[in-house]
Amino acid sequence: GRESRGCAASARRRVSFRVRFGGKALVQLSGLPPAAFDAIIERVVDLVDEPWDAVVMTRGGDPAYRQVTFGQGYGLLTFRVDDEAELIRIFDIAWIG
């Protein structure tokens, strides 16, 4: 079968996650400078295809809660990945740039 020829991974369905910005993140998003907003969009576009390409918030904590930098390290997105719903919920944005 396909698995014996090393095709198992390519046979899997590719999933793109949806993204939602939560209450606090929506407020934070509206106050960002244009460069930071553009950087968030770039990072979120990558996350929808690879939501696990991020760091678990706390060691030993729930692996669904993740953080990732954006904007050359000047920003930090905090989010929760919901595999069942194929959804990334962004609930905190920090920008120091």
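Which strands does helix α2 lie across? Select residues 23-30 in this predicted model: helix α2 lies across β1 and β5, and runs at about 50° to β5.

Five strands make up an open sheet with mixed pairing, ordered β1-β5-β4-β3-β2. The edges are held by β1 (18-21) and β2 (55-56); each has a single partner strand, so one side of each is left without a neighbour in the sheet.

Select β1 together with β5 (residues 87-95). The two strands run parallel and are joined by four bridges. Within this pair, R20 stands opposite R89 in β5.

Q72 is found in the loop between β3 and β4; its phi is near 60°, a positive value in a residue other than glycine. Q72 counts as exposed because its relative accessibility is 78%, above the 50% cut-off. E86 is found in the loop between β4 and β5, and likewise is not a glycine but has a positive phi, of about 55°. With a relative accessible area of 23%, E86 is partly exposed.

Finally, colour the chain by pLDDT. The mean for the protein chain is 86, and 86% of its residues reach 70 or more. Confidence is highest in β5, at 97, and lowest in helix α1 (residues 8-11), at a mean of 41. Across residues 1-12 the pLDDT is below 50, and this stretch has five contacts in the model beyond near neighbours in sequence.

Notes. Residues are numbered from 1 along each chain as its sequence is written. This is a predicted model: local features need pLDDT of at least 70, side-chain atom pairs count only at pLDDT 80 or more; totals for chains, interfaces and linings use all residues. Side-chain values use heavy atoms; hydrogens and water are left out. Two strands pair if DSSP finds at least two bridges between them. Contact means heavy atoms within 4.5 Å. Axes are lines fitted to C-alpha atoms, for helices over the stretch in contact, and angles run from 0 to 180 degrees between N-to-C directions. pLDDT is the predictor's confidence in each residue, from 0 to 100. Buried means under 20% relative accessible area, exposed over 50%, partly exposed in between (1.4 Å probe, protein chains only).
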